[in-house]
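Let's take a walk through this one together. Have a look at the sequence and the 3D view first, and then we'll go through it piece by piece.

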There are 2 protein chains.
Amino acid sequence: MNKIKGNIVVGQSGGPTAVINASVAGVYRAAKDMGVKKVYGMVHGIQGFLEKNLIALEDYLETGMGIELLKRTPSSFLGTCRYKLPAVEGNEAVYEQIFAVMEEFEIEAFFYIGGNDSMDTVKMLSDYAAAHGKLQRFVGIPKTVDNDLPVTDHCPGYGSAAKYIATSLKEVIRDVQSTGLTKPTVLLVEIMGRHAGWLAAAAALAKGQDCDGADAVYLPERVFDIDKFVEFVKSVGEKKNTVVIALSEGIRLPDGRFVCELGGGADSVDVFGHKQLSGCALTLAGIVAERTGYKTRAIELSTLQRAASHLASLTDIEEAMEAGYAGVMAAAGGETGVMVVMKRIQEQPYLCTMKTFDIHHIANGEKTVPLEWITEDGRGLTEEFLQYVRPLIKGELLPVYVDGLPAHLVRKK
Amino acid sequence: MNKIKGNIVVGQSGGPTAVINASVAGVYRAAKDMGVKKVYGMVHGIQGFLEKNLIALEDYLETGMGIELLKRTPSSFLGTCRYKLPAVEGNEAVYEQIFAVMEEFEIEAFFYIGGNDSMDTVKMLSDYAAAHGKLQRFVGIPKTVDNDLPVTDHCPGYGSAAKYIATSLKEVIRDVQSTGLTKPTVLLVEIMGRHAGWLAAAAALAKGQDCDGADAVYLPERVFDIDKFVEFVKSVGEKKNTVVIALSEGIRLPDGRFVCELGGGADSVDVFGHKQLSGCALTLAGIVAERTGYKTRAIELSTLQRAASHLASLTDIEEAMEAGYAGVMAAAGGETGVMVVMKRIQEQPYLCTMKTFDIHHIANGEKTVPLEWITEDGRGLTEEFLQYVRPLIKGELLPVYVDGLPAHLVRKK
């Protein structure tokens with residue numbers, strides 16, 4: 001095996017997840033198993049890297065609870081960024097600066113944990129290295145609650161968010177159902193996912209022996225028809241006194257506008273003249289209240305759903321670690337310009353392995369929920385989807401509680 | 001000891017909590033320890049009771065996981081109501097109907113788990129019984145996430161909501177802080193509590209060695225000044241790039257209006273002409289964005305904070321059970337027209353016992369956060385408050401996970 005003799009660097013990019021740090025832990029463990037000298041972390045991704053804002057992970061992970069606490073820490077331990085590398089032409093200085101930093105810190109391999117946009121960074125850098133005879137290796141490690149990266153079966157981060165969404169939905173459904181005897185109440189729960197409905201689809205998990213689940217789940221993969229929606233809510237409200245609707249934030253009208261753009265109306269701006277900040281659940285709550293007279297309540301799961309490491313899926317944590325580990329193994333084996341992908345090789349019992357795939361087929365790509373996994377009426381998910389998602393939310397890893405609250409690992413200031 | 005020879009009934013009323021069912025469990029266990037024949041549950045509180053909508057708790061708690069699952073089930077297992085008994089005069093039929101049901105089911109004692117309004121039901125019924133020579137006993141068991149019942153040191157339900165609020169705040173603070181390098185971002189987190197700020201105050205718990213906490217916590221106990229608030233946010237944003245604000249939904253302007261009534265402006269109605277549904281966080285997010293140019297994000301914890309039994313405080317669950325247990329003991333000892341109250345008898349280690357108190361001094365009363373527990377600048381809580389709240393969030397009781405999701409006990413249909 002082609003080993004890594006020098007140092008490595010790992011960074012986090014894009015929106016964080018509950019388990020993105022488990023991938024850092026996986027990178028670290030693999031590197032140490034392999035005898036890598038130093039594992040640097042870039043503070044705030046490639047942006048921090050350009051400014052040589054690096055920390056030595058050894059300082060954090062070889063003391064105290066180390067990796068165990070890191071695995072239980074939500075959001076990017078290293079800090080993240082949304083910086084996209086410019087085209088090489090005309091920006092050679094940026095690229096040369098990156099490689100100069102790599103040489104200065106004797107970095108042989110660069111690991112970037114992120115989603116679609118972040119994989120573009122891996123692609124640009126590995127392409128540049130290839131074109132300029134640089135020997136450093138660049139490997140992407142998938143991460144996104146949105147679960148929208150192509151090729152990979154699923155993405156680390158998704159399972160934990162799905163677990164949080166389904167759990168929270170079960171809890172708020174019980175809450176709204178307990179009131180019982182009044183006029184119909186419509187609960188609208190808004191879930192992340194601008195372009196892909198994977199997260200909203202996880203709402204379908206709530207249904208079971210002890211929960212009626214949502215009456216409908218709307219994804220951005222299907223056009224949203226407000227009139228039909230109101231008609232449906234009305235009809236459910238005639239049969240029972242709570243109506244529960246799960247909505248992807250990304251649902252769109254036939255004309256292509258996001259429902260949330262409607263706000264209080266098509267030209268909705270608030271008194272200050274700027275666009276309403278509210279989401280589709282609040283928008284539809286207003287419309288439903290107006291047209292049906294039902295009571296409505298909108299809940300937006302917001303960043304809670306991607307930060308709730310106290311309810312992370314153990315499967316997800318373990319896979320996030322494995323993805324990091326596999327990334328280092330790939331680089332050690334000489335690979336570059338690839339992303340780690342997950343391949344499901346067995347359903348019962350669930351079994352998933354890590355492979356790698358050419359980054360050019362992944363960067364900037366997007367995988368949405370297959371239309372055949374959405375029920376014909378556009379309001380639910382099929383059993384095939386449930387079979388896909390169920391293993392991903394399984395297992396728990398107890399937080400480290402200190403005085404009643406989960407403890408987290410933080411960078412020194 | 002004056003024992004209960006016949007049956008008893010227990011009901012739940014008002015907004016549910018994560019541990020309101022633990023009080024049912026406590027009532028049940030005490031009754032069984034005492035040899036009570038049958039423990040009835042009223043479905044949807046006094047409203048269901050009037051319609052003889054009763055279930056035998058034995059059918060649920062003597063099989064399967066029984067009490068252990070009930071303790072881990074959020075929201076009212078029995079269903080709740082917001083029905084307030086009418087004045088006796090002119091409504092004698094309602095009262096006679098209640099006592100007729102009690103006699104038909106041989107019910108000697110009536111336990112009502114609820115908040116301020118629900119305690120009014122206990123008062124009315126015990127007063128009626130006293131005035132009409134009825135021997136049945138009526139005991140209130142405190143429950144409210146709002147923590148606003150008088151006399152009692154705190155209320156079951158509050159500790160778990162506080163734990164959820166502080167945990168979630170820690171997680172979303174990490175989320176917003178991770179983005180780091182852009183222009184200031186203001187995170188506004190809206191917390192329940194229309195008149196009392198106890199829940200919002202719990203946001204102060206987030207601050208610790210591993211978390212900066214909120215930059216300010218605003219309670220309804222102090223008048224809210226929008227100009228001063230914006231000035232404060234601006235000044236924090238000049239020093240660091242994330243500003244975190246915790247807000248009680250009940251904060252009010254100097255003229256007495258709720259901040260959330262402002263909506264997008266003083267006369268804010270949406271395109272349909274009805275009042276905006278959005279809360280104060282969204283309202284203030286718009287104002288801050290307009291006046292400072294900072295990026296803003298509003299998160300409303302909504303009913304999640306009172307339903308999250310997956311993150312309940314063990315102390316809270318145990319105290320909720322004890323309160324139920326103590327209620328039955330009090331009735332068995334001949335007491336009626338009382339509510340169970342919690343008396344803190346020691347700080348280190350924390351020790352709390354159950355007493356009873358005359359319901360007339362509790363019903364319809366309200367206890368707000370003492371002004372001396374709010375810092376002079378009106379933006380924080382004192383160490384005295386933290387000492388008060390810390391013990392209430394301690395300990396965890398693991399949910400029963402089935403296929404990755406917490407299982408709940410439900411009534412048969």
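Which residues of the largest nonpolar core touch the most other members? Keep in mind that this is a predicted model. The core holds 286 residues, and the ones touching the most other members are V189(A) and A203(A), V189(B) and A203(B), plus I245(B) and L247(B).

Let's pick A203(B) and see what surrounds it. If you skip its neighbours within four places in sequence, A203(B) is in contact with I165(B), A166(B) and L169(B), with V189(B) and I191(B), and with A214(B), V217(B) and A246(B). So V189(B) turns up again here: V189(B) is among the contacts of A203(B), and both are on the list of residues that touch the most other core members.

Now zoom out to chain A. It splits into domain 1, made of 7-144 + 308-364 + 394-404, and domain 2, which covers 158-305. Taken over C-alpha atoms, the centres of these two domains of chain A are 34 Å apart. Where they meet, nine residues of domain 1 of chain A are in contact with eight residues of domain 2 of chain A. On the domain 1 side, the touching residues are five nonpolar, three polar and one charged.

And how do the two chains relate?

Note on methods: Residues are numbered from 1 along each chain as its sequence is written. Chains are lettered from A and ligands numbered from 1 in the order in which they are written. This is a predicted model: local features need pLDDT of at least 70, side-chain atom pairs count only at pLDDT 80 or more; totals for chains, interfaces and linings use all residues. Domain bounds come from an automatic or database domain assignment. Two residues are in contact if their C-beta atoms, placed from the backbone, lie within 7 Å. Ala, Val, Leu, Ile, Met, Phe, Trp, Tyr, Cys and Pro count as nonpolar, Asp, Glu, Lys and Arg as charged, and the others, Gly among them, as polar. A nonpolar core is a set of buried Ala, Val, Leu, Ile, Met, Phe, Trp, Tyr and Cys residues joined through C-beta atoms within 7 Å. A residue is buried if 20 or more other C-beta atoms lie within 10 Å of its own, exposed if 12 or fewer, and partly exposed in between; C-beta atoms are placed from the backbone.
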